[in-house]
Amino acid sequence: MRHIAIVGSGPAGYYTAEAAVKQWGEDARVDIFDKLPVPFGLIRTGVAPDHQSIKAVARRYEKTAIGDTVRFAGNVEIGRDIAIEELTELYDAVILATGAPRDRDLPIPGADSANVFGSAAFVGWYNGHPEYAALAPDLSGRHAVIIGMGNVALDVARILSKTEAEFEGSDIVAHALELMRDSNIETITILGRRGPHQIMMTPKELGELLRLERAVPRVENADLPPPESDDMLDPGQRKSVTLLREFAALSPSDRADKALSINFDFFASPTLIEQEGGQLSGLVVERTELKDGRAVGSGETYRIPADLLISCIGYRTSPIVGVPFDERAGRFPNEEGRIAPALYCVGWAKRGPSGTIGTNRPDGYAVIEKVAEDIGEGAGKRGREGFDELAQKRALDVVTFRDWQRIEEAEIAAARSGAPREKFVDIESMIAARGA
Ligand code: NAP
């Protein structure tokens with residue numbers, strides 16, 4: 001029997017569990033730990049609430065979760081409730097699938113001002129992550145600024161732009177919907193330190209900006225490179241740039257009835273966040289030039305007004321006591337997923353925050369291949385039996401998958417009309433909802 005522990009129940013965690021079941025079938029036991037009482041990580045708290053079709057992948061993880069081979073143990077934080085050394089003693093392999101839940105620091109003065117948020121916090125807020133549920137961003141100003149030109153920047157811009165009616169069918173949490181109902185935002189400026197050819201935005205997500213009820217994207221023609229230069233781009237990126245060209249070609253009549261403008265500002269690197277009387281007021285931006293693919297400051301600066309600022313510049317993995325950590329890269333140092341004997345990583349914790357949900361599937365299968373090479377038939381460790389003993393000794397309140405199903409039933413029952421669920425946004429309510 002092989003005993004496998006997976007830390008983190010997001011896509012990387014569940015695809016790895018799926019791979020383990022494929023590899024060993026009944027000859028393995030897989031325990032998936034999560035510090036939250038609810039599973040699915042990024043699917044629940046990262047993927048945008050209006051992208052329900054992406055969230056539907058959780059149904060596939062449920063198939064892996066049901067049965068005796070794979071077990072969910074929620075409300076258990078590895079590194080706090082159980083030390084990593086205790087886990088490696090109990091299991092043949094411990095695989096860290098903890099993702100990248102922290103914001104990459106915005107390295108400019110003023111980044112700690114009020115109403116300046118990283119995307120982990122802001123996205124966590126509208127998705128009901130317990131850590132960020134109380135964020136309460138001030139949406140009373142007219143100007144929002146988003147730093148970064150990736151898909152997260154697009155998610156944030158779209159969510160800030162939608163009307164209440166456009167959230168129908170989404171599981172955006174009530175506290176976010178309520179604040180957004182009274183939002184005064186008129187412009188959302190998306191700042192990219194490089195140019196249109198270097199955006200990290202994908203066509204489907206960009207195209208959504210053309211279908212917003214009260215918002216319209218704006219790109220200045222002068223910022224676009226000559227059309228023939230798009231030929232050298234790969235097809236996906238060419239599609240994205242073609243959409244930017246479509247945005248630039250929109251006519252005044254296309255904008256006429258739109259109250260909100262989503263402005264793309266390229267070659268613009270933020271250098272300073274300004275405050276007035278403790279309130280965020282603006283952002284100083286330096287024009288850049290592209291040199292060998294990198295953004296280099298030109299020395300020319302300008303100011304843009306900002307009442308709300310969200311930096312969407314990527315994520316970092318959280319360190320775990322007892323596990324080596326690469327501070328610069330913001331993830332665990334590893335060789336093809338191997339960190340140390342019996343200790344592995346997978347997904348964003350392994351390779352950094354890039355790729356789609358689906359990228360984690362081959363990643364999960366690849367790490368299980370390495371584990372299989374290393375552990376043979378298992379070393380007779382105690383696995384979940386040993387964990388259960390430890391959990392009892394420490395009075396841990398472990399949430400099972402069956403418990404989660406009850407929590408989910410309660411969330412579905414509480415849904416407002418047209419919504420798939422109303423999420424619990426604090427740990428106590430989640431735990432209470434599992435019932436006796
Ligand atoms: P990302 O794709 O890496 O984009 C980060 C952006 O931030 C880039 O434009 C980057 O510019 C910029 N940036 C980084 N450091 C900066 C700095 N110091 N100052 C100014 N700009 C800076 O990251 P992401 O948007 O967080 O997305 C993470 C992953 O999740 C991606 O793979 C993304 O595709 C995926 N995702 C997918 C979806 C979807 O499919 N619907 C939705 C959300 C996220 P440079 O290029 O110049 O570094």
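# Report on a predicted protein–ligand model

Of the 436 residues in the protein chain, 54% are buried. The structure described here is a predicted model. The report begins with the chain as a whole, then turns to the ligand and to several individual residues.

## The chain as a whole

The protein chain contains 16 helices and 17 strands. Its radius of gyration is 23 Å, close to the 22 Å that the globule rule gives for 436 residues, so the chain is as compact as a globular protein of that length. Taken along the principal axes, the C-alpha atoms fill a box of roughly 70 × 50 × 40 Å.

The contacts of the chain can also be sorted by their separation in sequence. When contacts between residues at least 6 apart in sequence are considered, 75% of them join residues at least 24 apart. As for the surface, the protein chain exposes about 18800 Å², and carbon and sulfur atoms supply 51% of this area.

## The surroundings of the ligand

How many residues surround the ligand? There are 20, and the closest are Met 149, Arg 193, Arg 194, Glu 205 and Gly 355. By type, the residues of this shell divide into 10 nonpolar, 6 polar and 4 charged. Helix 7, which covers residues 151–161, gives the most to the shell, with 3 residues.

| Residue | Distance from backbone N or O atom to a ligand oxygen atom |
|---|---|
| Met 149 | 2.9 Å |
| Val 152 | 3.1 Å |
| Cys 312 | 3.5 Å |

On its own, the ligand has 920 Å² of accessible area, and the protein covers 81% of it.

Helix 6 spans residues 119–126 and is mostly covered, since 8 of its 8 residues are buried. These buried residues are Ser 119, Ala 120, Ala 121, Phe 122, Val 123, Gly 124, Trp 125 and Tyr 126. Just after helix 6, Gly 128 takes a positive phi of about 75°.

Positive phi values also occur in residues other than glycine. Most residues other than glycine have a negative phi. Asn 115, however, has a phi near 65°, a positive value in a residue other than glycine. Asn 115 is found in the loop between strand 5 (102–103) and strand 6 (116–118). Its relative accessible area is 13%; a residue is called buried when this value is under 20%, so Asn 115 is buried. Ala 136 is not a glycine either, yet it has a positive phi of about 45°. Ala 136 lies in the loop between helix 6 and strand 7 (143–147).

Lys 162 lies in the loop between helix 7 and helix 8. Is Lys 162 buried or exposed? At 13% relative accessibility, Lys 162 counts as buried. The side chain of Lys 162 makes a polar contact with the side chain of Asp 50, at 2.7 Å. With neighbours within four places in sequence left aside, Lys 162 is in contact with Asp 50, Phe 167, Leu 212 and Arg 214. Lys 162 and Asp 397 are 235 residues apart in sequence, and their C-alpha atoms are 39 Å apart in space.

Ser 170 is also found in the loop between helix 7 and helix 8, the latter covering residues 174–181. At 2% relative accessibility, Ser 170 counts as buried. Which backbone oxygen does the side chain of Ser 170 reach? It is that of Phe 167, at 2.8 Å. Apart from neighbours within four places in sequence, Ser 170 is in contact with Pro 49, Asp 50, Gln 52, Arg 416, Ala 419 and Pro 420. Asp 50 is therefore a contact of Ser 170 and also of Lys 162.

Gln 237 has its place in helix 10, which covers residues 235–248. The relative accessibility of Gln 237 is 16%, so this residue counts as buried. Residues up to four places away in sequence not being counted, Gln 237 touches Pro 196, His 197, Gln 198, Ile 199 and Met 201.

Technical notes: Residues are numbered from 1 along each chain as its sequence is written. This is a predicted model: local features need pLDDT of at least 70, side-chain atom pairs count only at pLDDT 80 or more; totals for chains, interfaces and linings use all residues. Side-chain values use heavy atoms; hydrogens and water are left out. A residue is near a molecule or strand if one of its heavy atoms lies within 4 Å of it. A polar contact is a pair of N or O atoms within 3.5 Å; within protein, one must be able to donate a hydrogen and the other to accept it, and residues adjacent in sequence count only if both atoms are side-chain atoms. Accessible areas come from the Shrake-Rupley method with a 1.4 Å probe; for residues, only the protein chains shown count as cover. Helices (H or I, at least four residues) and strands (E, at least two) are DSSP runs, numbered from the N terminus. Ala, Val, Leu, Ile, Met, Phe, Trp, Tyr, Cys and Pro count as nonpolar, Asp, Glu, Lys and Arg as charged, and the others, Gly among them, as polar. The radius of gyration is taken over C-alpha atoms; the globule rule is 2.2 Å times the number of residues to the power 0.38. Buried means under 20% relative accessible area, exposed over 50%, partly exposed in between (1.4 Å probe, protein chains only). Contact means heavy atoms within 4.5 Å.
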